[in-house]
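Q: I've got a structure open and I'd like to learn how to read a charged patch on its surface. Can you walk me through it?

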Amino acid sequence: LATRALRHLSQVVMAKSKNHTNHNQNKKAHRNGIKKAKKPWKMSTKGMDPKFLRNQRYAARSRTMTQEAKDRRREADAIRTQQIAAKRERAADQAKKDKERERQAAMVAAAKKKK
């Protein structure tokens, strides 16, 4: 009988009267001080122009270069520029020769047609 009564009492639960309290939360927060959020070391580059970012990387790389490395790079760039110019010149000469050959072939063909 006693166990049945206890079981019955455990099923009847009183309504909860307190839903929320902020007690002691401010004290806890201020014990170590409320600190400002730290700013990131680097600004985010998300969403920036990719062309600008690529150039920025190259600029940063050249800032850390030694003077000898910069001089070697400039010499290599000058040589490369000369090679490109020579290649373009050769291509232009070849195009001129091809055009002249075609013109001559057309003249020969026209002369044969007249005969």
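A: Let's start with one side chain. Arg 73 is partly exposed, with a relative accessible area of 39%. Buried means under 20%, exposed over 50%, and partly exposed in between (1.4 Å probe, protein chains only). Before going on: this is a predicted model, where local features need pLDDT of at least 70, side-chain atom pairs count only at pLDDT 80 or more, and totals for chains, interfaces and linings use all residues. Residues are numbered from 1 along each chain as its sequence is written, and side-chain values use heavy atoms, leaving out hydrogens and water.

Q: Which residues form the positive surface patch?

A: As a general idea, patch members have over 30% relative accessible area and no salt bridge, and like charges are joined within 9 Å. A salt bridge here is a side-chain nitrogen of Lys or Arg within 4 Å of a carboxyl oxygen of Asp or Glu. In this case the patch is made of Lys 51, Arg 54, Arg 57, Arg 61 and Arg 73.

Q: Which helix gives the most to the positive patch?

A: Helices are DSSP runs (H or I, at least four residues), numbered from the N terminus. Helix 3 (residues 50–63) gives the most, with 4 residues, while Arg 73 sits in helix 4 (residues 67–114).

Q: What does the chain average in pLDDT?

A: pLDDT is the predictor's confidence in each residue, from 0 to 100. The chain averages 89, but helix 1 (residues 2–11) has the lowest mean among the elements, 60. Where pLDDT is low, the predicted coordinates should not be read in detail.

Conventions:
Patches are made of residues with over 30% relative accessible area and no salt bridge: like charges are joined within 9 Å, nonpolar side chains (Val, Leu, Ile, Met, Phe, Trp, Tyr) within 5 Å. Accessible areas come from the Shrake-Rupley method with a 1.4 Å probe; for residues, only the protein chains shown count as cover. Lys and Arg count as positive and Asp and Glu as negative; His and the chain ends are not counted. The place of a charge is taken as NZ of Lys, CZ of Arg, CG of Asp or CD of Glu. Helices (H or I, at least four residues) and strands (E, at least two) are DSSP runs, numbered from the N terminus.
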